[in-house]
Amino acid sequence: MIQYLDNIQHKDSKNFFLIAGPCIIEGEDMALRIAEKVIELTNKYNIPYIFKGSFKKANRSRVDSFTTIGEEKSLEILKKVGETFNIPTTTDIHENDHAALAAQYVDVLQIPAFLVRQTDLLIAAAKTGKCVSLKKGQFLSPESMKFAVQKVTDSGNQKVAIIERGNSFGYTDLIVDYRGIPTMREYAPVILDVTHSLQQPNQSSGVTGGRPDLIETVAKAGIAVGADGIFIETHPTPETALSDGANMLRLDLLEDLLQKLTRVRESIL
C-alpha cells in the first residue's frame with residue numbers, strides 16, 4: 001500500500017511501516033504534538049509513517065460514550081497534520097457517505113472490523129481512489145478476507161491492505177492467530193493492529209478493557225512472522241484519553257518499542 005503514497009517518508013528503507021496516533025481526534029494541539037513526536041522517532045529509525053486518528057467513533061457500547069469533537073473539525077485537524085508534516089493520514093469511516101467526505105481530507109480510508117462485510121461501504125471507499133485498509137472482523141477467518149479485498153479491487157482500486165486485529169476468544173477477550181498473517185499476505189499487504197488486538201471487549205461496565213502490558217510481545221511476534229506494517233494507538237496520557245485508553249500505548253514508551261521492532265525486522269530480512 002505504501003508504494004501508492006507519494007508523501008510517505010523512508011519508503012525504501014525495507015523497514016515495517018507504522019500507522020499510529022490517538023484513537024480519536026481530541027483536539028488540534030494534541031494531534032500535532034503526537035504526530036511531531038512519532039515523526040521524530042520514525043525519522044530516527046527509518047520507519048515509513050501514516051498518522052491515524054478517528055474523526056468519529058460510531059461503534060460505541062453505550063450511548064453516552066464519547067464519539068467526536070465534530071466531524072468537520074476533526075477532519076480539518078487530520079488535514080492540517082498531513083500538511084504540516086507532509087505525511088499521509090488515515091481515519092475510519094462508518095457510513096457510505098463518509099467515504100467521499102473523508103477522502104477530501106485523508107490519504108487512507110480505514111474500514112472498521114465490524115463493517116468489513118458491508119459491500120456498499122467497501123465499494124464507496126474504493127471508488128474514491130484513495131488507499132483502503134480493511135480491518136479483519138473478529139468473527140472472520142484469514143481466508144475470508146480474500147473476498148473483502150476482491151470487493152475493492154473489483155471496484156477498480158488496487159490500493160488495498162488488510163489489518164489484523166485479533167479474533168474473538170470467548171465473550172470478553174481477543175487472540176491473534178499469527179498463522180493468518182502469511183495467509184492474508186497472499187491477498188494484500190498485512191498490518192498488525194497491536195493495541196486493538198489487546199482489547200477486552202464486552203465488559204459489564206460497557207467500557208472496553210485492555211492489556212497494554214502485552215503490546216511489546218504481540219508486536220514482536222507480528223514482525224517476526226512477516227507483517228508488513230504495525231498499527232498502534234498512542235496517547236501522552238492513556239488514562240485520560242476519551243476513547244480506548246485501556247489498551248493504548250503511552251507515548252513516552254513508543255521509542256523503546258520501535259527500536260526493538262526495528263531490530264526484529266533487521267533479523268528476518
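**Close-up 1. Lys136, a buried lysine.** Lys136 counts as buried because its relative accessibility is 0% (buried means under 20% relative accessible area, exposed over 50%, partly exposed in between, with a 1.4 Å probe and protein chains only). Before going on, a quick note: this is a predicted model, where local features need pLDDT of at least 70 and side-chain atom pairs count only at pLDDT 80 or more, while totals for chains, interfaces and linings use all residues. Residues are numbered from 1 along each chain as its sequence is written, and side-chain values use heavy atoms, with hydrogens and water left out. You'll find Lys136 in the loop between β5 (131–135) and α5 (145–153). Helices (H or I, at least four residues) and strands (E, at least two) are DSSP runs, numbered from the N terminus.

**Close-up 2. What the Lys136 side chain touches.** Look for the polar contact of 2.5 Å between the side chains of Lys136 and Asn167. A polar contact is a pair of N or O atoms within 3.5 Å; within protein, one must be able to donate a hydrogen and the other to accept it, and residues adjacent in sequence count only if both atoms are side-chain atoms. A polar atom of the Lys136 side chain also sits 3.4 Å from the backbone oxygen of Leu140. Setting aside neighbours within four places in sequence, Lys136 has contacts (heavy atoms within 4.5 Å) that include Ala113, Met145, Glu164 and Met184.

**Close-up 3. Helix α1 and its packing.** Helix α1 takes in residues 28–44, 17 residues in all, and reaches 24 Å from its first C-alpha to its last, close to the expected 24 Å (1.5 Å times one less than the number of residues). Among its buried residues are Met30, Ile34, Val38 and Leu41. An α-helix has 3.6 residues a turn, so residues three or four places apart point the same way. The buried residues of α1 pack against β1 (17–21), β2 (49–52), α2 (71–85), β12 (229–235) and α9 (254–268).

Close-up 4. Seven of the seven residues in β12 are buried. Gly229, Phe231, Glu233 and His235 point one way, while Ile230, Ile232 and Thr234 point the other. Strands pair here if DSSP finds at least two bridges between them. β1 and β12 run parallel, joined by five bridges, and Phe17 stands opposite Gly229. β9 (residues 190–193) pairs with β12 in the parallel sense over three bridges, with Ile191 opposite Gly229. Then there's β13 (residues 249–250), parallel to β12 and joined by two bridges; here Thr234 stands opposite Leu249.
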